[in-house]
Amino acid sequence: MDGPYTRYARATLWLLQEGDCRIGGENPDAQPAFVAEVRPFYISRSVITNEHYEVFRPDHVRVPSDAANDAPVVNVSWEDAAAYCAWYAQFTGKPFRLPTEIEWEYAARGEEGGRLFCPQEAVEQYVVHAGNSEGELPVVETLMANGHGLFDTLGTVWEWTSSAYRAYPVSPGDERDAGASAEPRVLRGGSFRTPLEEIGCGVRRHEDTSYKADDLGFRIVRSL
């Protein structure tokens, strides 16, 4: 691809400083809760969109077919998402990848320790879910950002992480984020089809790496 990468659609990145984060939720697979130390990293302000992804894969078929340029790219497997990260890393010369589930939860919480990153009474201002989406895939950044300045971390689309689905707590060096593993991977965040009561910062779900769905996408991170 000729020319500087700034000529092409690309995600806006936010720098998250290092910090400690409470990891875990109410569901059995999100227990026991624990505190994780998170190193600083860049993360895309929202999920990767059709416009971003199609620079990498121009023949991608949008779902639905009339989805906007700034709608989340969906119907992408974990392999597809990882391949985009590898391409973008080579394209930019920067170490881009999928977020670990620890990084994802740290980013989603925005310094909050509860089920949601916002007050329950204000959730409609922040989260696109089954109760307010009218069953339609939204464009990104239609509602308010969380405390870390990130959009669409809860609701909108489920998001792939790099992490293999294993029991908590996460131990340093357990290699659950090793890319070579064929284990099912963790999805986070819920989607525009998920009932609000099933959405939370600590909610985990897992699927095979070949799984695709029309409410599943991803965001990217860059190591420092």
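Visitor: Where does His148 lie, and is His148 buried or exposed?
Guide: In this predicted model, His148 sits in the loop that runs between helix 3 and strand 6. Buried means under 20% relative accessible area. Because its relative accessibility is 13%, His148 counts as buried.

Visitor: Which residues does His148 touch, leaving aside those up to four places away in sequence?
Guide: Helix 3 spans residues 101–109, and the contacts of His148 include Tyr106 and Ala107. Strand 1 covers 13–16, and Trp14 and Leu16 are also among the contacts.

Visitor: Which strands stand at the edges of the open sheet of four strands?
Guide: The strands of this open sheet follow the order 1-4-10-5, with antiparallel pairing. Each edge strand has a single partner strand, so one side of each is left without a neighbour in the sheet. The strands at the edges are strand 1 (13–16) and strand 5 (96–97).

Visitor: What is the bridge partner of Phe96 in strand 10?
Guide: Strand 5, at 96–97, pairs with strand 10, residues 221–223, in the antiparallel sense over two bridges. Within strand 10, the bridge partner of Phe96 is Arg222.

Visitor: At about what angle does helix 3 run to strand 4?
Guide: Helix 3 lies across strand 1, strand 4 (41–44), strand 5 and strand 10, the strands that make up the open sheet with the order 1-4-10-5. Relative to strand 4, helix 3 runs at about 70°.

Visitor: Which element supplies the largest share of the lining of the largest pocket?
Guide: The largest pocket holds about 560 Å³ of space, and of the 30 residues that line this pocket, the closest to its centre are Arg97, Thr100, Ile102, Glu103 and Asp177. At least two lining residues each come from strand 3 (34–38), helix 2 (78–92), helix 3 and strand 6 (158–164). The largest share, five residues, comes from strand 3.

Visitor: How many nonpolar residues are in the lining of the second largest pocket?
Guide: The second largest pocket, with a volume of about 220 Å³, is lined by 16 residues, of which Gly25, Glu26, Asn27, Arg115 and Val203 lie nearest its centre. For the largest pocket, the lining divides into 14 nonpolar, seven polar and nine charged residues. In the second largest pocket, the lining holds seven polar and six charged residues, and the number of nonpolar residues is three.

Technical notes. Residues are numbered from 1 along each chain as its sequence is written. This is a predicted model: local features need pLDDT of at least 70, side-chain atom pairs count only at pLDDT 80 or more; totals for chains, interfaces and linings use all residues. Side-chain values use heavy atoms; hydrogens and water are left out. Two strands pair if DSSP finds at least two bridges between them. Contact means heavy atoms within 4.5 Å. Axes are lines fitted to C-alpha atoms, for helices over the stretch in contact, and angles run from 0 to 180 degrees between N-to-C directions. On a 1 Å grid over the protein atoms alone, a cavity is a set of points where a 1.4 Å probe fits but cannot get out, and a pocket is an open set with protein on both sides within 12 Å along at least five of seven lines; lining residues have an atom within 4 Å of a point. Grid points are joined across faces, edges and corners, and a volume is the space filled by probe spheres set on the points. Ala, Val, Leu, Ile, Met, Phe, Trp, Tyr, Cys and Pro count as nonpolar, Asp, Glu, Lys and Arg as charged, and the others, Gly among them, as polar. Buried means under 20% relative accessible area, exposed over 50%, partly exposed in between (1.4 Å probe, protein chains only).
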